[in-house]
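Reader: I would like to learn how to read a strand and its neighbours in a structure. Could you walk me through one?

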Amino acid sequence: MTSWSLTRRLTRRVLLGVAAGWLISLAIGLFVIAHEMDELLDQALAEQAGMLLSVAGADADLPPLSGELAVRVLGQGGHDEAPWPDLVGDGHHEIAGWHVAKATDPASGLSVELGQSNAWRLHELFEGVRAFLVLMVILLVSLMLIVRRTAIQALRPARQFAANMETRDAADLSPMSAEGLPSELEPIPQALNAYLARIEALLSSERRFASDAAHELRTPIASARAQAQLLAEGKADADAPRRLSAALERLGQVVERLLQLSRAEADLRLAGKTADLVGVVRLLLEEPGLGQVRFDDHDIETAMIRMDPDLSAILLSNLLHNAVQHGNGPVRIELQPGPVIRVDNPVGEGADFHFERFEKGRQSPGTGLGLAVVRSIAAQNGLRTEFSIADGRARVTVNFTSLGWPAAGSGEPHADGSDPREIGEDQQTHGQ
């Protein structure tokens, strides 16, 4: 990709703009000056012609004239030659490239015609133009030096910023300082700092995932290994296959929840993605183990939100599985306009919500990650959540209003003509 110089481009455009403006102003100024100069010189010609007529009438020698003037005296038998044809009437005449003033003495019949050529006037006007052009060249050269110097000084902090980035340690993801940069360049460090924060969040998520995996997978792996070893040595009892299957199932649950948590904490949101909460919930209800969940959609056909379908499915799946595993009765999921999702289920005495990672009740069969995943996804997408337990029932409310589609629940087609009620194959993956 061809690089270009901001200093050269700025200098060139400023000089061209100033030069063009100067030339336009000069052209307008010259037109006005030429008009005013003609009026002034024509008035002077008339006055000089009157003076010459009074001298000629007194039979005195005519005073010497400047080289740009020509005179013709008519009357008393004289008829001097002149570079312009005969004139009729006194006053100002423009003829044959000359400005001529004619004055006549009524008593003696003597006439004096005093002329000045257009060529001389244009010559004098161009002399003034040359002076203006010289001044313009001096101004443009000075302006070029000033603009280049100013641009170089203004970009010096940007070069220093680039040098600091080049010499920075690769492991240093702290924000870059924008001190000294002009306001026009501030979006660069702002975007860079946002990018560094994104990378740091991803790396932190990876480190937490590795740490959590090492901690939480140790027990199910060890259990599965022990059962497999007993089976291999022929020392296992009849219940060993079931225990091995349970250990592997537990291992799969932990890995699945860890992957969900890692994705939620990494904030892998996809711009432009939409999800239909009605379709997502109906897909989730087809999962094994959720047969006792009842869905009340309040006759809402579609509830479109601006959210990655996978993340919305992960959030709702964790809420439903948490309610099924820790409740002691049928689970009800309700969709209300907004859209708002509410999960309600009966619980035993002493039940409570556990939001910290790997925090769970003493008798809980879960991984202790479900609600941590829910809160992380909700925080990353700006969703409001409410958790409450009262009168023996646990209730979780997720408000999707901030992500709600303008035509939520209307079933109106998207801008590309597709039906929002249709969920493609890429939207059917819900991470469970």
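This is a predicted model: local features need pLDDT of at least 70, side-chain atom pairs count only at pLDDT 80 or more; totals for chains, interfaces and linings use all residues.

Reader: Which helices and strands make up the secondary structure of the chain, in numbers?

Author: There are eight helices and 12 strands. The chain has 432 residues, and 38% of them count as buried.

Reader: How much of the contacts comes from residues 24 or more positions apart?

Author: Among contacts with a separation of 6 or more, such residues account for 66%.

Reader: And what can you say about the accessible surface of the chain?

Author: That comes to about 24900 Å², with 57% belonging to carbon and sulfur atoms.

Reader: Which strands are joined to strand 12 by bridges?

Author: Strand 10, residues 340–346, runs antiparallel to strand 12 and is joined to it by seven bridges. Strand 11, residues 384–390, is also antiparallel to strand 12, again with seven bridges.

Reader: Which residues stand opposite each other there?

Author: Val343 stands opposite Val396 of strand 12, while Glu386 faces Thr397 of strand 12. As a general idea, side chains in a regular strand alternate between the two faces of the sheet.

Reader: What is found between strand 11 and strand 12 in their hairpin?

Author: Two residues lie between the strands, and in this hairpin Asp391 takes a positive phi near 55 degrees.

Definitions and conventions: Residues are numbered from 1 along each chain as its sequence is written. Side-chain values use heavy atoms; hydrogens and water are left out. Helices (H or I, at least four residues) and strands (E, at least two) are DSSP runs, numbered from the N terminus. Buried means under 20% relative accessible area, exposed over 50%, partly exposed in between (1.4 Å probe, protein chains only). Contact means heavy atoms within 4.5 Å. Accessible areas come from the Shrake-Rupley method with a 1.4 Å probe; for residues, only the protein chains shown count as cover. Two strands pair if DSSP finds at least two bridges between them.
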